[in-house]
Amino acid sequence: MTKDPICGMTVDEATALSAERGGESFYFCSDHCRQKFLTGVVTAKPDERPQGKAVYTCPMHPEIEQDHSGDCPKCGMALEPKTATTGTDDEENTELLDMTRRFRIGAALTVPVFVLAMAHMIPAPVVQSWANSHTSRWLQFALTVPVVVWAGWPFFRRGWRSVITRHLNMFTLIAIGVGAAFVFSAVAMLVPDVFPHTMRHEGKVAIYFEAAAVIIVLVLLGQVLELRARSRTGSAIKALLNLAPPTARQVAEGGDREIPLDQVKVGDRLRVVPGDKVPVDGVVVEGHSSVEESMITGEPLPVEKSAGDQVTGGTVNGTGSFIMEAERVGSDTLLGQIVNMVAEAQRSRAPIQGLADKVAGIFVPAVLAIAVLTFIVWLWLGPEPKLAHAIVNAVAVLIIACPCALGLATPMSIMVGVGRGAQEGVLVKNAEALERLEKLTTLVVDKTGTLTEGKPKLIDVLPNDGFAAGELLGLAASLEQSSEHPLAAAIVRGATEQDIVLEEVKDFRSVTAGGVAGTVAGHAVLIGKQDFLRAEKVAGLDSLEASAAQLQEEGKTAMFVAIDGKPAGILTVADPIKTTTAEAISELHALGLEIVMLTGDHRRTAAAVAGKLGIDVVEAEIEPAGKVEQIKKLRTEGKHVAMAGDGINDAPALSEAEVGIAMGTGTDVAMQSAGITLVKGDLRGIAKAIRLSRATMRNIRQNLFFAFFYNALGIPVAAGGCTPTGAPPIICRSVRFTSTTIRCCRNRLRWRTSNRVCSVTGGRRRD
């Protein structure tokens, strides 16, 4: 006995499927696991893989991955688990709790520092005198130390890491700016004699504790808001994960036993009792019940399930009880795939993020260069005290230019947009699809399963002269039971509902886009398009074609039947239009999109459906390869094209379009080929997705604009570009008169006056 390397199930080497890799044999419980192994999904045995080991990644730099939590070496942001879990908030938001605690304590200590620093502006002599006292200065120092050293420690750690890894970021500027302001002020308090006399005012060197403390608290506030936003974006994933039950009832010898969900293996038999959630994807093997599948289909009415029917993990069982066999577990279930798709999309990067990254990569070094240049210019050309002005303005440049918004503008908007889409039933595969969706001008749709229900029904059985309706339907259905086409299934269902016994088929053959042929009960039977029957040398189809044309104009699909080389009649099948399709088309037109329908159905049938829905362009009788060519043609015309489809035959077209949109009720291949999946298979979801895309991209552009605008405006001001050179200062603490010139000793600004009165103090000559 050995273990399946994919699911971990114990299997018998003598009877299990096998495959080789690196000269070693591996054994599998099913072909599904074997195929997954052969595609390279797993390269190690279960015993060699760390069990339950989380992988952490950066939301801004998904290429960063490590097996433990910490900070991103590039941007300094906290890493988050790559795989979503259902853990509690306390388990998953340790950094949010830590930052919140630092913010609250830091804010409580910073408020009195700010009040003490600003007290000199209160027009009361007693307050101004106390504000400039040694007691006030030492209180500011004592309160600021824990704010900078403890509350701001994560920023200094990230700033230092950005330097040693040579990935300068916003924390580089924060650490340098706050550190310079705090160290300058601390030295002024502890060893003021190291500063020249020109840097002192009323015998004291200026301190900037309030600037350092306030900056730390404001950045902490930004971190708390960011972490809360990131936490909220995961709520959709947590809600999806919580749809699955934590345990399952395993059917075993001696009675059922309850096991954790992550211990369920492919092939296990599980009992689902009334009111329970279906634990994993599988097939019913015993029993009967009704299952509420609104989480997948959006339909509130329960679906009857009996032996042989598929059930989906997370759906809710009704009043019956059944035993199911697990076919897909863990991340392979539909629910797991949805969760992974949403999580990967939230971590993906939109093309516009590349621009933001390039700008940020240039911006931080540029700011450091401007800060150094500001220091040199003020030290060389500035008024006395030159050193004080040089330090203050250089630090101001570093602090005001922190590109927080620049770095977060795109990832935060993408995360929120993808999370909101998941809540609305719109699954975004990657951020690139979300960005491209905004620019759409043309939407290409398939007919069957996209505009229609995808469940054709037999409508008419119209025998030709000499043939009975029952005979015609019986022979046709017997032949079609060997076909996998949806129209064939509709004919077989129609015959079964009429209790017609189907015969055995011999010499069955199928012609792509044509029809099927075979021998039933000794009769040569042909079913398909009129061109197919003509190619098979069937004559006398003219009368049937006239009848078929009228039926096709009513939106029905007509199939010609020939028996023993003679036209036997027509079978018509209709696929009802979804009740929501007309509303969806109207919404899409309101958004400015052109709707193009590509279908392999007959032109008259396609035209009838398009006429009812108001579709702009119709291309019928097109094979899958033709759909790809049509999309290429539309793109060469300069149109931005999206394709919506649900079948395997739509997969190439979905891949060719700028954005592929798959119906969640369709095939897995279609969903894998698409960038957007509509869980409910409702075309109104496309309108939701487009509005979501436009809102997300508008938010990103707003974020980037204000980030650039703020920094472009703030840096020159911080560098001292707006310092007045020809006007008196607001406060003149020492005025000295020399003939007709008044000189302010605070910053050496000069101006001419016609008398010997200080226009600031209103007083006469004072020294």
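Which residues does glutamine 310 touch, not counting residues up to four places away in sequence? In this predicted model, the residues touched by glutamine 310 are Gly282, Val283, Glu293, Lys305 and Glu327. Glutamine 310 belongs to strand β15, which spans residues 310-311. Its relative accessibility is 44%, so glutamine 310 counts as partly exposed. Between the C-alpha atoms of glutamine 310 and methionine 324 the separation is 9.0 Å, the two residues being 14 apart along the chain.

The chain as a whole contains 25 helices and 33 strands. Of its 767 residues, 48% are buried. When contacts between residues at least 6 apart in sequence are considered, 61% of them join residues at least 24 apart.

The packing of two helices, α6 (residues 153-164) and α7 (residues 170-190), was examined in detail. Their axes come within 7 Å and cross at roughly 120°, and the crossing of α6 and α7 is left-handed. On the α6 side, the contact is made by Phe155, Phe156, Arg158, Gly159, Ser162 and Val163. Helix α7 contributes Phe171, Thr172, Ile174, Ala175, Val178 and Gly179. By class, the residues of this contact between α6 and α7 comprise seven nonpolar, four polar and one charged.

A pair of aromatic rings is described by the distance of the centres and the angle of the planes. Five aromatic pairs are present in the structure. In one of them, the ring centres of phenylalanine 182 and phenylalanine 209 are 6.0 Å apart and the planes stand at 65°; because this angle is over 60 degrees, the pair is edge-to-face. The pair connects distant parts of the chain, with phenylalanine 182 located in helix α7 and phenylalanine 209 in helix α8 (residues 209-233), 27 residues apart. Both phenylalanine 182 and phenylalanine 209 are buried.

A further aromatic pair, formed by phenylalanine 184 and tyrosine 208, is tilted, with 5.8 Å from centre to centre and 40° between the planes. This pair likewise links distant parts of the chain: phenylalanine 184 lies in helix α7, whereas tyrosine 208 lies in the loop between β9 (204-205) and α8, 24 residues apart. The relative accessible area of phenylalanine 184 is 8%, so this residue is buried. For tyrosine 208 the corresponding value is 22%, and tyrosine 208 is therefore partly exposed. Ring pairs also join Trp138, Phe141, Phe182 and Phe209 into a cluster.

Glycine 614 follows α21 and has a positive phi, near 75°.

Methods
Residues are numbered from 1 along each chain as its sequence is written. This is a predicted model: local features need pLDDT of at least 70, side-chain atom pairs count only at pLDDT 80 or more; totals for chains, interfaces and linings use all residues. Side-chain values use heavy atoms; hydrogens and water are left out. Axes are lines fitted to C-alpha atoms, for helices over the stretch in contact, and angles run from 0 to 180 degrees between N-to-C directions. Helices (H or I, at least four residues) and strands (E, at least two) are DSSP runs, numbered from the N terminus. A crossing is left-handed if the near helix is turned anticlockwise from the far one by less than a right angle, and right-handed if clockwise. Contact means heavy atoms within 4.5 Å. Ala, Val, Leu, Ile, Met, Phe, Trp, Tyr, Cys and Pro count as nonpolar, Asp, Glu, Lys and Arg as charged, and the others, Gly among them, as polar. Rings of Phe, Tyr and Trp (its six-membered ring) pair if their centres lie within 6.5 Å; planes under 30 degrees apart count as stacked, over 60 as edge-to-face and the rest as tilted. Buried means under 20% relative accessible area, exposed over 50%, partly exposed in between (1.4 Å probe, protein chains only).
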